[in-house]
Amino acid sequence: MRAAVLVSLLAIAAVTEAQPAAELRWGGDAEGGAPFVSADPGNPDRVVGFEVDVAALIARGLGRTPRFIQSGFTTLDAAVIRGDFDIALSGLEDLPGRRARLALTIPYYEFEERLTVRAADRDRLRDLRDLGGRRVGTLGAT
């Protein structure tokens, strides 16, 4: 089984329409958002990751300084709607429900998920339905 996942950022229209601000406040989940954003192991007060760089590029393009605001992954949508920050970045998928409530950018990152099983099980375990009632694990990028 193979599924492409597109990642976009959530934004509120005020980012480009409002008076220029000194900061671009961006929200993400540094506690569970690796490799997109995570606490720097050498300095937990600092965040590192792919989306830290994306936020810096966006901020620079807007003439602002990026400022990270921690938000749990499951609360990012609500936090951007409340105005807790200007944009949200945290490996957010472009889903129909999210698209109906929020403004999403074009995808800036695409990845694929694959079901991987032992060679001996390749004919028995062909898709996710075949895994019902079994113990499974996940692997990060290798």
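The points below concern the basis of the model, one loop serine and the aromatic pairs.

1. This is a predicted model, in which local features need pLDDT of at least 70 and side-chain atom pairs count only at pLDDT 80 or more, while totals for chains, interfaces and linings use all residues. Residues are numbered from 1 along each chain as its sequence is written, and side-chain values use heavy atoms, with hydrogens and water left out.

2. Ser71 is located in the loop between β6 (65-70) and α3 (76-82); helices (H or I, at least four residues) and strands (E, at least two) are DSSP runs, numbered from the N terminus. Its relative accessibility is 8%, so Ser71 counts as buried (under 20% relative accessible area; exposed is over 50% and partly exposed in between, with a 1.4 Å probe and protein chains only).

3. Beyond its neighbours within four places in sequence, Ser71 is in contact (heavy atoms within 4.5 Å) with Gly28, Asp29, Leu76, Ala79 and Phe85.

4. Rings of Phe, Tyr and Trp (its six-membered ring) pair if their centres lie within 6.5 Å; planes under 30 degrees apart count as stacked, over 60 as edge-to-face and the rest as tilted. The count by this rule is four aromatic pairs. For Trp26 and Phe68, the ring centres are 4.9 Å apart and the planes at 65 degrees, so the pair is edge-to-face. Trp26 belongs to strand β3 (residues 23-28) and Phe68 to strand β6, so the pair ties together parts 42 residues apart in sequence. Trp26 is buried at 2% relative accessibility, whereas Phe68 is partly exposed at 22%.

5. Phe36 and Tyr109 are also edge-to-face, because their ring centres are 5.4 Å apart and their planes at 85 degrees. Phe36 is buried at 12% relative accessibility; Tyr109 is partly exposed at 32%.
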